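Work through these exercises with the structure open beside you. Try each task before you read its solution.

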Amino acid sequence: QLPMVESGGGLVQAGGSLTLSCTASGPWFSDHVIGWYRQAPGKQRELVATISPEDHTQYIDAVNGRFTISRDYARNKVLLRMFSVKPEDTALYYCNTAPTAYTRWGQGTQVTVSS
């Protein structure tokens with residue numbers, strides 16, 4: 001019953017790329033700023049990228065220039081394209097509203113970057 005479902009994670013070598021997908025309900029997708037969050041072992045969950053209904057995007061410095069957040073309007077998806085990944089990108093990735101998250105979280109999708 002969650003409005004969002006994450007997928008696309010996996011194992012990737014440092015320097016490689018992959019794309020994460022957040023499948024969202026139509027109203028949730030269109031009415032909110034959507035963010036990708038991540039949580040690495042031993043660290044707090046952090047917001048790494050956002051996209052507004054007007055397609056304004058923002059990134060934290062750690063991923064700026066390497067990650068691209070976008071929307072697939074036809075499929076109600078928010079994508080996170082990750083390029084030149086680093087071991088530090090290893091984390092469980094979630095999508096949710098931003099900067100204030102919906103009270104519930106999905107299962108997330110695991111990204112593991114090997115060196």
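**Exercise 1.** Which residue of β10 is the bridge partner of G10? Then find how β2 and β10 pair.

*Solution.* This is a predicted model. Start at G10. Its bridge partner in β10 is V111. Now take the whole pair. Strand β2 covers residues 10-13, and four bridges link β2 to β10 in the parallel sense.

**Exercise 2.** Which residue of β10 stands opposite A91? In which sense do β9 and β10 pair, parallel or antiparallel?

*Solution.* Go to A91. V111 in β10 stands opposite A91. Next, count the bridges. Strand β9 (residues 91-97) has three bridges with β10, and the sense is antiparallel.

**Exercise 3.** Sort the residues of β10 into a covered face and an uncovered face.

*Solution.* Begin with a general rule. Side chains in a regular strand alternate between the two faces of the sheet. Now apply the sorting to β10, residues 109-114. T109, V111 and V113 make up the covered face. Q110, T112 and S114 make up the uncovered face.

**Exercise 4.** How many bridges join β7 to β8? Which residue of β8 is the bridge partner of T68?

*Solution.* Six bridges join β7 to β8 (residues 77-82), and the two strands run antiparallel. Then pick out T68. Its bridge partner in β8 is R81.

How values were computed. Residues numbered from 1 in each chain as written. Predicted model: local features only at pLDDT ≥ 70, side-chain atom pairs only at ≥ 80, totals over all residues. Heavy atoms only, no water. Pairing = 2+ DSSP bridges. Buried < 20%, exposed > 50% of the residue type's maximum accessible area, 1.4 Å probe, protein only.
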